[in-house]
Amino acid sequence: PGQSQLSTDVVMIKDAQGKIQRKKVAIDLNLSNWAYINDGNANMVFGYIGKDLKTSSGFLGNCPIIRIRKKLLHSAAEKSIKKLTEEFSHGHLYIEKLLRPILGESYVSQSILTYIPRSFGLKIARKAGNLRESHRIGEEGMPPKEGIVENEWDVPVILARNVLLEVDSVKNDKKVSLCIEIKPKWGYIPRIRHLPKTSAKQEIVLRNTCQHCLLQPNKLKIGKVSEISEYCPLDLYSQDSSRIRRAVRGLLKTPQNNLRVFQTILECNKFSLSRIDVSRPADVANFFASKTQSSTHLDLKSKISTDILEDALVKILESSRMESLLERLASAQRFFDHFEGAPGVRMEYFKALKNMNNDKEALSKKILDLETEGWTNTLVREFQNHMKKTGKQVMYDKCIVCATKWSKRNDLTAEPTVTPACKSLVEEKDNTIKSISRFLLSRTLRDISIMLTLHPADGAYEDKDKLIEVCGNSFILEITVVDLDRKDHRKIPSYAEKELKNAECLLKHLKL
């Protein structure tokens with residue numbers, strides 16, 4: 001007890017020069033050296049707070065995180081474990097071989113796949129306890145609170161850099177960081193090909209409403225949100241200063257799950273993470289305005305605080321690095337969505353299932369095999385050629401519902417100018433399986449999160465592109481894309497059904 005045990009593995013990683021090297025990786029199996037950070041629908045995330053691991057995994061920073069798949073801890077059947085392990089491992093390759101090249105390796109942190117004993121995974125998952133969000137406690141798929149592990153085996157985990165901290169954090173010094181998580185959502189308006197029976201006016205509205213605004217009335221109806229969001233993703237992607245500011249104001253007023261702010265403190269081997277309520281902007285403004293970054297809060301009036309946070313977010317979003325990322329993201333979302341919406345791919349999906357006697361497991365294997373056989377290289381090459389041909393792109397799409405809301409007009413008939421749909425260079429040659437794979441990639445790209453981590457810049461900093469100034473103080477800005485989990489083809493029918501329900505609900509909400 002009290003002594004660290006190490007789970008060691010040798011992995012192949014790419015260094016800064018692009019060369020493949022063998023690296024020895026060690027994971028500390030001392031339970032007290034790991035702190036719960038967060039969890040989503042599929043994975044739990046824990047951060048390392050023990051003795052410096054730099055000697056074994058320095059390329060991931062001094063405080064790496066591990067991501068554990070919940071179902072891998074819960075399942076006991078050997079067949080199920082084998083299938084989940086294969087999917088989890090493939091998901092890692094999906095990020096490394098496909099999403100990193102598409103979005104840019106500077107935006108997607110390198111990670112490695114390694115293994116831990118299942119018994120340790122169960123212990124660390126139970127440790128999270130009541131620290132988890134209320135709706136996560138007791139959810140299906142989690143291990144029981146107590147009990148002996150009947151079967152022991154190694155389960156795969158992802159070891160990655162902790163994007164909430166500086167890469168070169170020194171644990172003896174107090175380091176305070178601010179992390180802003182933004183879910184940008186869809187950067188274009190999909191052309192919904194299968195609409196409910198509508199009038200000409202209703203069709204114009206539906207074909208020119210962004211996907212985020214389309215689903216808001218239904219989310220309000222079923223109680224997922226307490227008020228309709230004033231944020232429109234198309235404003236965020238627009239590269240227009242006034243529209244970007246409007247997007248920020250919408251996020252701050254109605255953040256929902258599209259904006260979250262965290263403060264992290266790393267000091268003397270202790271890591272703490274706290275969520276900041278954006279309705280109390282003084283807490284955030286204090287970070288930007290305080291030169292000492294001490295725990296003493298400044299006496300900032302609410303209006304000044306709001307302006308500081310709003311201006312900081314606008315400055316970050318208008319930076320060249322963020323502009324480049326959002327441009328690539330929106331371009332990739334549209335480029336890989338041949339069907340311009342879920343209803344179109346639904347027919348292809350059922351066609352593929354019919355050809356396989358409705359065997360969903362066989363379809364899963366077919367898609368996995370395709371993505372393992374160099375298909376990912378083809379997709380990357382296609383997109384890179386597309387970006388070279390099109391050059392810098394400005395996103396012209398405008399949401400007709402948002403335009404009406406902000407201008408306080410009732411004119412829902414004026415159709416806005418929209419960008420043409422992007423088509424693949426080899427779309428005609430695609431079979432059904434390839435088309436489904438493309439659509440799922442586009443779906444993944446629509447659900448990502450962007451982590452904007454800010455650290456006080458102490459002294460001179462060589463990489464000027466990463467510096468941003470707020471309230472006269474300089475900060476190092478790290479931009480990282482997360483939530484890159486591969487989407488499951490089994491959800492395609494529900495995507496289409498929800499899209500049609502959302503359209504009907506929007507029309508009722510607008511009383512059209």
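Visitor: Which residue in β5 does Phe46 stand opposite?
Guide: Ile66. Keep in mind that this is a predicted model.

Visitor: What makes β4 and β5 a strand pair?
Guide: Two strands pair if there are at least two bridges between them. β4 and β5 (residues 65-69) have 5, in the antiparallel sense. So they count as paired. β3 (residues 34-39) also pairs with β4 over 5 bridges, again antiparallel. There, Tyr36 has Phe46 as its bridge partner. A hairpin of 3 residues joins β3 to β4.

Visitor: How do you know that β4 is mostly covered?
Guide: In β4 (residues 43-48), 6 of 6 residues are buried. One side carries Asn43, Val45 and Gly47, and the other carries Met44, Phe46 and Tyr48.

Visitor: Why is the contact between Asp235 and Arg246 called a salt bridge?
Guide: The cut-off is 4 Å from nitrogen to carboxyl oxygen. Here N to O is 2.9 Å, so the pair qualifies. Asp235 lies in helix α7 and Arg246 in helix α8, 11 residues apart.

Visitor: Why is Asp235 called buried?
Guide: Its relative accessible area is 2%. Arg246 has 24%, so Arg246 is partly exposed.

Visitor: What makes Lys365 exposed?
Guide: Its relative accessibility is 54%. Exposed means over 50%, so Lys365 passes. Its salt-bridge partner is Asp369, with the closest N and O atoms 3.0 Å apart. Asp369, at 30%, counts as partly exposed.

Terms used: Residues numbered from 1 in each chain as written. Predicted model: local features only at pLDDT ≥ 70, side-chain atom pairs only at ≥ 80, totals over all residues. Heavy atoms only, no water. Buried < 20%, exposed > 50% of the residue type's maximum accessible area, 1.4 Å probe, protein only. Helix = DSSP H or I, 4+ residues; strand = E, 2+ residues; numbered from the N terminus. Salt bridge = Lys/Arg side-chain N within 4 Å of Asp/Glu carboxyl O.
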